[in-house]
Each structure stands twice: as structure tokens, then as C-alpha cells.
Amino acid sequence: MAISLDDPKKLKPLAQQAHQVAMNMLRPISRKYDRAEHAYPTELDMLAAMIDGLSESGASEGAGAAGVRRDEKPEEKQEGTKNGANLASVMSIAEMCWGDVGLLLSMPRQGLGNSAIASVANDEQSERFAGVWAGMAITEPGVGSDSANIKTTAVLDGDEYVINGEKIYVTSGDRADHIVVWATLDRELGRAAIKSFVVAKGTPGMRVERLEHKLGIRASDTAAIIFEDCRVPKENLLGSPEIDTKQGFAGAMATFDNTRPLVASMAVGCAKAALDLTRDLLTQAGVEIDYDRPAHVQSAAAAKYLQMEADWEGARLLMMQAAWMADNREPNSLEASMAKAKAGRVGSDITLSCVELCGSVGYSEGELLEKWARDSKILDIFEGTQQIPQLIIARRILGLSSAELK
């Protein structure tokens, strides 16, 4: 199937709506909640209600993270190509992050845990957890991006699983009403035994230990959560409870195949914000950027800008490809990792370079450039640091297993 490099016409209105929201609702309060870390952005309640209404009416497919769902019937042949919820989500999220990444991550019912539910849950679970706001708890002390080494345990006891462990850097960990917790059913069986569980806020044995103070995305709360004999109904294990050693980590990785393009879209949106403002500031300073002349015959600032814009376009296209493949039932683990690795690195490079190009204006709080540079760094870290997607890419290209290439 061929892929068009143009934005799908049917999704352009959604992207335009998201851009208007970013410009008129998120950007104006961006600095306010960067300074007021841990304060809940109450302005988002109205916006979340609007997105819920659009999603329920079907007028806005893929309005957010909850719109992402992998089709479970790949054997049915599809006529032509489809631009669906995955592509709609990355396009709208990129536009929202043009406004503010931290505020996007604070949107009720649009947490990364919602994408995990959409990726792994069966039909009954998808219906039961519809409308929840779910954070996602993966990272542990001493276990960063190597999710296969998770130490948190889940032991079946009658009709319940008993969860014990500690999770850190849980986005929306305090505000969300549910947390998707990754835990192992049997440490000796390694990555194949790792499953995800939906734990409702207020469940006995689960407590928020602290909120982190962070470099960026300060509007978003980031929590450390302790689980001590936390009992969860066995029906809250997402997907199949069976341990398939042949499948290995594939079930859990399906979550990343959906969420990594979303994180790539956040980096793409934040970098675009920096590029747009930097171009305006350079123009005001008398620096001309001419697309009809080679970069090497223009000023150093113009040449740098053109190089950043080319890098940004590469990241955007990889993001679009990964989402498009998911919509069209094509395995996209390689492409999702490529999009995340490229966009995460490019996002940090562009936002920091924009600060540098704009000098004192870029470094001061008079503009949002310095904030975007801080916000973008996490997008190169969470959902797999730069090295993890690169490792996955190498394994896929070389045809090697995780045991063969570590």
C-alpha cells in the first residue's frame, strides 16, 4: 500500500480545531501552570467535557489517547487504505502540544493508561473502563526503560490479584481515577509473565507517596505510588492471564507500539511551536530565510533554521507512518520505535537550538522558548529513552532476539 505525504483531508478539520484550542486555551495559561507546579489546571475541565462530547457523537474520531485502538481482526481483508483513530490522534496531539505539552498530559481521561487499555483490553474491559482517566505505572526504582525487569509482583489469591511494589514517575498518578500497573506474575519466567492491571484510585493498599518536582511539563503531576498487598479483581488484568513464553513480551509491547507514536507527536508539536516562534523572532531581527536558495549561501542562522526544519519534517513523517500502519493493521513496532527515537532527539535538539538562536530572548522568561526546551526533554526519555527504541530498531533490522542483542 502506498502512503501519501499529505495530511488526510478528512482529518484536517480535527487538526485545525486542535490548533485553535492550543492557541486560544492552552498557550495563554502555559506559563501560569509552569510556575504553579502541582496546581490542577481547572480550565481543562471544560475542554475535556467538550472532547468527551465530540467522541461520544462520533464527530471527532481519535480526539485523544482514548481514541487509539488496534484492530483485533487482522485476518479480515480491508479494501484500500484507512486513515483512522491512530492517525487522527497523533495529528491532534501534535497540535495540542504546540500549545503546551504539560497541559495536554493533564487532560482528564486522556492519560497514557487510556492508550494501554485501548491497546490490550478485551471488548468487555474496553466497555467497562470506558470513560475512566487512567495513568500508567511502569517505571520502578532501579528499573528505568528496561521494562522487562519489572519487580512489582501480582499474585493470584482466589478471585483477586495481590499487588506489591513501588512505581515512580507516574504521569497523572495523583489526579487520575485509575492506574494501569505493570507487574509480573512470576519473576522466574521473565518478561513473558509481565501483565498490566487496572487499579482504581482509593483501592486499599495503594497510596501516592509523593509528587515530583521536575525540569519541565510542570503542569502535569508526576507521582510515586506504593502498592502494599493491594487487592485487585482478577477481571482487571488486561487481556489474557495466560503466560505465553513463546509470545514473550509481545503483549506488553503492543502498548508501546500505540503510545510511542503519541509521544513522538508530542515532541513534534512542541518543536513546531519553537520553530514557528523562532522564525518570527528571526524575521523581526532582519534574518531572511529563503527556501529558493541553498542553505550554505545564506546566513548561519538561516542555514541552521533550514536544517532544523528538515529534521522536524523527518520526525513528523515517521510519526505519521507509524500511526498510519496501525490504522491499516500492519505491524508497526519498528516504525513506532523509529518515530519515538527520531522525534525525541529532534525535539530536544530543535528547542535547545531555538533558545540559542534567539539569544537572550530565547533564554529569558519573556518568551516560551526556554520552557519548551525544558518540556521537550522528557519526550526523549519516557516511553523508552533514546537507547531503548534504537535497540529495538537494531533487533528488528538485524533479525535478532532480545537475548541475542542486549
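In helix α13 (residues 387-398), P389, I392, I393 and R395 are buried, where buried means under 20% relative accessible area, exposed over 50% and partly exposed in between, using a 1.4 Å probe and protein chains only. The expected span of a helix is 1.5 Å times one less than its number of residues. Just after α13, G399 takes a positive phi of about 70°.

A word on what you are looking at: this is a predicted model, in which local features need pLDDT of at least 70, side-chain atom pairs count only at pLDDT 80 or more, and totals for chains, interfaces and linings use all residues. Residues are numbered from 1 along each chain as its sequence is written, and side-chain values use heavy atoms, with hydrogens and water left out.

Stepping back to the whole protein chain, its secondary structure comes to 13 helices and seven strands. Helices (H or I, at least four residues) and strands (E, at least two) are DSSP runs, numbered from the N terminus. Of the 406 residues in the protein chain, 52% count as buried. Among contacts with a separation of 6 or more, 74% are between residues 24 or more positions apart, a contact being heavy atoms within 4.5 Å.

At the other end of the numbering is helix α1 (residues 12-26), whose 15 residues should span 21 Å at 1.5 Å a residue; the end C-alpha atoms of α1 are 20 Å apart, which agrees. Its buried residues are L14, A15, A18, V21, A22 and L26. They cover an arc of only 120° around the axis, so they lie on the same side of α1. Helix α6 (residues 112-120) is mostly covered, with eight of its nine residues buried. Those buried in α6 are L112, G113, N114, S115, A116, I117, A118 and S119.

Next, look at a helix pair. Two packed helices are described by the angle between their axes and the distance between the axes. Helix α4 (residues 85-99) and helix α9 (residues 300-327) pack at an angle of about 155°, with their axes 7 Å apart. That makes α4 roughly antiparallel to α9, a label for angles over 145 degrees, with those under 35 counting as roughly parallel, 65 to 115 as roughly perpendicular and the rest as oblique. Here axes are lines fitted to C-alpha atoms, for helices over the stretch in contact, and angles run from 0 to 180 degrees between N-to-C directions. On α4 the contact is made by A85, N86, L87, V90 and M91, and on α9 by M319, M320, A323, W324, A326 and D327.

S265, in helix α8 (residues 250-284), is buried with a relative accessible area of 0%. Not counting residues up to four places away in sequence, S265 touches V90, I93, A94 and M319.

Finally, find C230 in strand β7 (residues 222-233). C230 counts as buried because its relative accessibility is 0%. Leaving aside its neighbours within four places in sequence, C230 is in contact with Y161, V162, I163, V199, T203, P204, G205 and M206. The C-alpha atoms of C230 and A154 are separated by 9.1 Å, although these residues are 76 apart along the chain.

Conventions
The arc is that of the directions from the helix axis to the C-beta atoms.
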